[in-house]
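Please keep the sequence and the 3D view open while reading.

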Amino acid sequence: MIRFPNPGSDIDSFIRIFQILHSELNDKSYFTLDDMSEKLTNKNLVSSQGYMGEEALKRSVRKDRSRDPVYNQSKMYAELYRILGWVQSDENKRLNFVFTYLGDHMANAQLDPLSLFKECILGINYPNAIIDVKSDKYLRPFAAILKSMYDLDGYICRDEMIIGPLSIDDLISEEYTSSITKIKNCRPLHKKLMDELTHLSEKLNIQINTLWNYTRFPISVLGYCGWITKERNKSIYTDKKLVFLKLANGGEKIARFINDSIDIRYNKVPKEVDFGCLVRVSFFQMLARGGFEIDSIQNSIEKDLYKLQNHYDESSEYLFSPYQTYKIKTVNEALANYIPKNKYVNTTITNLLEKYGDYSSNGKNTNYFITLNPHESILKIDNSRSEFVKQVLNLHKSYAISNEIINRMYHKYKEANKDVFYNLIAELLTILGYDCSATRYGINYERWDAMISDPSYSIPIEIKSPTEEEYLSVKAIRQALENKIILLSRNLYPTDYKTVSLAIGYNSPNYRSDVSQLIEDIYNAFGINIGVIGFRTLLNIVVKTITEKKSINLEDLRNTRGIINVKDF
Amino acid sequence: MSKIFKQVQAHQLSKRYNIAAFPIKIEHFPEAPSRITFDSGVEIESTCLSCVNKYCINYTNEELKSIYFNDFPHDTNNNVCPINAIEWDINSDFPHIKSEICFSCGLCASRCPVGAIYLTKDTAIINTKNIDYIDNTDIKSHKAEIDKFQNATKTGKYLDESDVLFSLIYNKILETNANSQFPNLITRNLLIQLGLSTLIRRKGDVNLRMDGVFNARNNPKIKGVIEIEFGKDVLDSPRNILDNLAVLSSRHNYQYNDLIPLVVSFNLPNIRTEYWRVIKDISNVLNIKIQSFTIGTLMLLLWNQQYIDFSQHNFYVDCDNPSINSTLSNILNRKINLSNFEFSITAPNK
């Protein structure tokens, strides 16, 4: 199945960003992903970790490029621009890019970018000399989708697209026909379609969800081009109401054009054909359909057309996008008389890595440690009433090392739902000596999930169970802030402004998240302290309190901020 | 012959009114074409002049900037219509409105320099009938003609609000297959038309959490941050606003208490939801006054040719009084004719 990357932005922005990048980088002999990143941030087209402009770039640039968000956005754009024929990679260095002559025109399509964009969408074809794909099947995917829709009474749904036009060799007419038959045979039973989809997923060893993700770009493009509308239909599959793509008038027109046109594919041009003529005719027909005025060169195009008439029907138009099929060098040779000679001027490329160096997102954030002290601790809970204490003591009979017990308890709750997890957290804090209870379900005005009540310094707790989110995110921090404000405003429990508001989750925040920074932002702006505890940290404290007779200073918790860890003596 | 080819320009001819006088007034009417009064006393129906600068279709780059948030990585989509219901075919003399998807928000109408677009309950209509008063002309004369309208007084209103009208509009929006950026785009464009330079987050930007920022075009002191939620997530908006204010204050050196926080939603939340109490809590504890709008409210202000002036208008509402009717009444100097029975446009319906 053909896989498309997801541009991660709407197509209007995607095109505009290309036009901006072209105006900024066109004078370079080549440009890199770093150049793209720099221009994207300078023009405020991307952000990183909540920062904007140059600061975004500074925060994004990391030595491990796979984790660098702005670099990754540039990479994804470059990939799609390559697929569309607007840029190509340097022969020798894959990550050095140049704008193609087609890209120059796309950048200049300010009046009506959609018309040329549509041409480039139809121009996508595999295999080609530009994009490496594993499959050697021939496919012009958007043409195959529109043609299939036309042959399926104007309708196709996502899963039909996956098992049909996106998975065939469309030059083998039997494959195309059997794909249409397969879809027709599935209808009207959705179960049959699901069986086909499951079969394909197993054959390709790709999860169904991933297959669905690959259709995001084609579906949004089909809609953007005005070729389809979406319709919820319950008659095509009688056992399931599904969203179908319905061929719009514009799509039907294109489907007819595809049928009538001469479809040229990579390495399928007969030797006798004058390749230069073919490139010129196809390229300029493509520009003309894309709304460009090419009257001034009509005579020479006519001459080229004449040379092709021995092999191809002279009344038909060519469906062939040279820059999406052949290497830039090959295509440029054919178009040499038209490409402006002064297009490339050498300039120095800045290496942003050298400029900004490595950035650590946690550089200036606060992390707080709670200290476990050796102490003749007296458990503050009646052992017989705490299931958790019983479980730990039982495990302690088999495992002398606390870490083993902590690991077992940690994994035991990895699929705990809200009800289980919220009560468990309240129980753990109670074991430590806090007066803590989970909020009963349905009490709307108590927005927190649990409360450590204290005569002077009550602490609201926002809890996220592992089934809600595996890693604590900024959502929990926002809620912890709201909890604190509600508590201060409504005075339901006594507290003061400085006392922490807690967020407790199964895992501490993902290293890429903005949690630590947001906690600092909230403190800087409002002077409110938010603390975060991961389940494993809490288990560490509680289990060691039970098994090693250690304890913490209960007062410590209320003065914390940031991600709370534990020091064990 | 080496060159970059150009796209074919639309073969539209620039136009001007053939009346030798200055326009002094454009009066708008619900469901009927607006009328232009010239200083000679001549009064005509306003007609489309096929503007070279397509005001009804696109914003200029300058209009999509904010002097206070020039680093904000924003959506540069310059479409005036958030659902692309207005288009201009290359072979047509006039723009065209797709009435099947247009829901009469009034954005395109409010941008027409000569008042040639009027609203009905179903769609906006571009008036192209009054051709006897129109001449073809060169671009310079056409632009000079448009400039003459800058000082004309704009009176009247585009539509009269009513439950029936909002029912039609809101249901049409709900049926629209708009993309996920639609709430942000319509909000941005309505706020721009109401006098606020507004920027919105780019679709798919996962690194920036705030939906938008704005500053008043005519008052340098007024600026703020926007949360836009058209679904049930509106209940999270107050805490999201606090996140935005904290980030702008801590990372970008804006004073959070200098920023006006706006929540823009499709419907106002149900009165029994905690939204209203949390708004009050935030005001109590941090003295941050979150102002609540619906897109219906913004349309209503636009139809009545108003601007939002935060130095005079206060849209802060909370659980003690969750209705923005009185603020709207003050601005429009009349009662608001809405029961909010079906949709909570200016007050929660439950």
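## Two helices in chain A

A crossing is left-handed if the near helix is turned anticlockwise from the far one by less than a right angle, and right-handed if it is turned clockwise. In this predicted model, α1(A) passes α2(A) in a right-handed crossing.

Two packed helices are described by the angle between their axes and the distance between the axes. For helix α1 (residues 11-25) of chain A and helix α2 (residues 33-42) of chain A, the axes come within 10 Å and cross at roughly 110 degrees. Angles of 65 to 115 degrees count as roughly perpendicular, and α1(A) and α2(A) are therefore roughly perpendicular to each other. On the α1(A) side the contact involves A:L21, A:E24 and A:L25, which meet A:D35, A:M36 and A:K39 in α2(A). Sorted by class, this contact has three nonpolar and three charged residues, with no polar ones.

## Two domains in chain B

Chain B is divided into domain 1 (15-59 + 83-156) and domain 2 (163-332), and the centres of these two domains of chain B, taken over C-alpha atoms, are separated by 30 Å. Their contact takes eleven residues from domain 1 of chain B and 16 residues from domain 2 of chain B. On the domain 1 side, the residues divide into five nonpolar, three polar and three charged.

## Where the chains meet

The contact between the chains takes 46 residues from chain B and 54 residues from chain A. On the chain B side, the elements that give two or more residues are α5 (237-252) and α6 (275-286) of chain B, and α5(B) gives the most, with eleven residues. The residues of the side of chain B that touches chain A divide into 18 nonpolar, 15 polar and 13 charged.

Technical notes:
Residues are numbered from 1 along each chain as its sequence is written. Chains are lettered from A and ligands numbered from 1 in the order in which they are written. This is a predicted model: local features need pLDDT of at least 70, side-chain atom pairs count only at pLDDT 80 or more; totals for chains, interfaces and linings use all residues. Domain bounds come from an automatic or database domain assignment. Two residues are in contact if their C-beta atoms, placed from the backbone, lie within 7 Å. Ala, Val, Leu, Ile, Met, Phe, Trp, Tyr, Cys and Pro count as nonpolar, Asp, Glu, Lys and Arg as charged, and the others, Gly among them, as polar. Axes are lines fitted to C-alpha atoms, for helices over the stretch in contact, and angles run from 0 to 180 degrees between N-to-C directions. Helices (H or I, at least four residues) and strands (E, at least two) are DSSP runs, numbered from the N terminus. Angles under 35 degrees count as roughly parallel, over 145 as roughly antiparallel, 65 to 115 as roughly perpendicular and the rest as oblique.
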